[in-house]
Amino acid sequence: MPRTRWLEPTQVPHRAEVLLLVDVINPLQFPNAGPLLQEAVRAARRIVRLKARLREKGVATIYANDNYGTWHSEFSDILAACQGLAGERGEIARLLAPDAEDLVILKPQHSAFHSTPLLHLLGRMHARRLVIVGFAADMCVMLTATDARMSGYEVWVPSDCTAAETPARRQQALRQLRQAFKCSVRASARSPWAGRN
């Protein structure tokens with residue numbers, strides 16, 4: 001009987017540190033999305049550089065993406081739809097498309113931990129530290145980061161790899177993450193965990 005490639009189990013890497021991209025494959029088509037879009041393009045370019053740098057160090061990547069209420073679809077459908085959008089919306093999806101080795105989960109609501117297999121997956125990976133980037137800083141990124149802290153992970157939210165509808169909302173979210181939840185919000189140029197295994 002021939003082997004069916006898509007039914008083979010995924011080899012889950014064991015990594016202490018994981019990069020988590022939250023809602024980066026995103027049509028950004030909602031009221032007041034314009035200001036967020038401008039910041040998201042800049043953040044996307046920084047995320048690309050950060051991802052490449054972390055990959056060189058062996059850091060695994062997980063995409064946690066909203067399903068946008070399309071319960072009949074898969075991530076590949078969402079990616080194709082977003083990549084086909086005109087202008088900067090499509091550019092972001094093309095820049096941040098997953099590589100073949102990246103892992104992907106879909107989420108129904110804001111936090112990547114809510115009603116998803118993320119906690120189970122991170123446990124199988126033996127992860128201890130999460131680098132969380134994406135959109136929006138004051139909603140899905142913030143709720144994911146707070147859930148990660150409550151689940152016992154060390155968390156770094158690189159401030160320049162996030163976006164929100166206004167700079168004030170972004171700064172307020174980052175301040176809350178740093179002060180109340182003890183997340184690092186250091187910019188992406190240098191990891192707060194440099195030299196750690």
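**Exercise 1. Work out whether G34 is buried, partly exposed or exposed, and place G34 in the fold.**

Step 1: get the accessibility. G34 has 38% relative accessibility.

Step 2: apply the cut-offs. Buried is under 20% relative accessible area, exposed is over 50%, and partly exposed is in between, using a 1.4 Å probe and protein chains only. G34 therefore counts as partly exposed at its 38%.

Step 3: find the element. G34 sits in helix α1, residues 33-56. Helices (H or I, at least four residues) and strands (E, at least two) are DSSP runs numbered from the N terminus.

Step 4: From G34 to M150 you go 116 residues in sequence and 32 Å in space, C-alpha to C-alpha.

A word on the ground rules: this is a predicted model, so local features need pLDDT of at least 70 and side-chain atom pairs count only at pLDDT 80 or more, while totals for chains, interfaces and linings use all residues. Residues are numbered from 1 along each chain as its sequence is written, and side-chain values use heavy atoms, with hydrogens and water left out.

**Exercise 2. Find the aromatic pairs in the whole structure and say how each is arranged.**

Step 1: Rings of Phe, Tyr and Trp (its six-membered ring) pair if their centres lie within 6.5 Å; planes under 30 degrees apart are stacked, over 60 edge-to-face, and the rest tilted.

Step 2: run the search. The whole structure gives 2 aromatic pairs.

Step 3: take Y63 and F75. Their rings are 6.3 Å apart centre to centre with 55° between the planes, which is a tilted pair. Y63 belongs to strand β2 (residues 60-66) and F75 to helix α2 (residues 75-83), so to speak two distant parts of the chain, 12 residues apart, linked by the pair. Y63 and F75 are both buried.

Step 4: take W156 and W193. Here the centres are 6.1 Å apart and the planes make 80°, giving an edge-to-face pair. Because W156 lies in strand β5 (residues 154-156) and W193 in the segment after α6 (167-179), the pair ties together parts 37 residues apart in sequence. W156 and W193 are buried too.

**Exercise 3. Describe what D102 touches, and how.**

Step 1: locate D102. You'll find D102 in the loop between α3 (87-95) and β3 (103-107). With 8% relative accessibility, D102 counts as buried.

Step 2: list its polar contacts (pairs of N or O atoms within 3.5 Å; within protein, one must be able to donate a hydrogen and the other to accept it, and residues adjacent in sequence count only if both atoms are side-chain atoms). The D102 side chain makes one with the side chain of R55 at 2.4 Å. The D102 side chain also reaches the backbone nitrogen of D99 at 2.8 Å.

Step 3: widen to contacts in general, meaning heavy atoms within 4.5 Å. Leaving out neighbours within four places in sequence, D102 is in contact with K51, R55, T61 and Y63.
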